[in-house]
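Thanks for coming. Please have the view open.

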Amino acid sequence: MATVSKADLAQRLAEEAGLSSGDAKTAVEKTFELIVTSVAAGDEVNLPGFGKFSSTERAARQGRNPQTGETIQIAASTSPKFSAASAFKNAVKG
């Protein structure tokens with residue numbers, strides 16, 4: 001299994017869409033930047049056939065320090081979330 005980087009995506013986009021490599025790199029960078037800023041602002045980014053990016057709130061809770069067994073308080077937090085669309089899941093399943 002290979003790892004695909006942003007640069008690889010930009011190169012493939014340039015080849016398949018007939019864009020210059022600079023334009024493709026800018027398009028990939030801006031797309032990711034817009035997804036991040038939208039989700040950070042509390043918006044949901046829905047890409048039909050691909051998936052949905054959103055944020056989720058995690059409540060404060062108690063946990064345990066695995067080394068000492070001591071009870072600790074874990075603060076509330078906001079985390080990014082991605083839900084794959086059915087078409088994406090089916091393509092991965094084969």
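Predicted model: local features only at pLDDT ≥ 70, side-chain atom pairs only at ≥ 80, totals over all residues.

**The pocket and the chain around it**

Two helices, α1 (6-17) and α2 (21-40), each supply at least two residues of the lining of the largest pocket.

If you want to find it on screen, select Leu 9, Arg 12, Leu 13, Val 28, Thr 31, Phe 32, Ile 35, Leu 47, Phe 50 and Phe 53, which line it.

Next, a single residue. Ser 54 sits in strand β2, which covers residues 51-58. Is Ser 54 buried or exposed? Its relative accessible area is 12%, and buried means under 20%, so Ser 54 counts as buried. What does Ser 54 touch, once its neighbours within four places in sequence are set aside? The contacts are Val 39, Asp 43, Glu 44, Ser 79, Pro 80 and Lys 81. As a general point about strands, side chains in a regular strand alternate between the two faces of the sheet.

Now to the hairpin. Strand β3, residues 61-64, pairs with strand β4, residues 71-74, in the antiparallel sense, and the pairing runs over four bridges. To see one of the partners, take Gln 62, whose bridge partner in β4 is Gln 73. Six residues lie between the strands of this hairpin, and Gly 69 there has a positive phi near 80°.

Last, the chain as a whole. How many helices and strands does the secondary structure come to? There are three helices and five strands. Read from the N terminus, the order is α-α-β-β-β-β-β-α. The radius of gyration is 19 Å, while the globule rule gives 12 Å for 94 residues; the value is well over the rule, so the chain is more spread out than a compact globule. Along the principal axes, the C-alpha atoms fill a box of roughly 60 × 35 × 25 Å.

Two percentages to finish. Of the 94 residues in the chain, 12% are buried, and Ser 54 is one of the buried residues. Among contacts with a separation of 6 or more, 28% come from residues 24 or more positions apart.

That is where I will stop.

How values were computed. Residues numbered from 1 in each chain as written. Heavy atoms only, no water. 1 Å grid on protein atoms, 1.4 Å probe; cavity = no way out; pocket = protein on both sides within 12 Å on 5 of 7 lines; lining within 4 Å. Buried < 20%, exposed > 50% of the residue type's maximum accessible area, 1.4 Å probe, protein only. Contact = heavy atoms within 4.5 Å. Pairing = 2+ DSSP bridges. Rg over C-alpha atoms; globule rule 2.2 N^0.38 Å.
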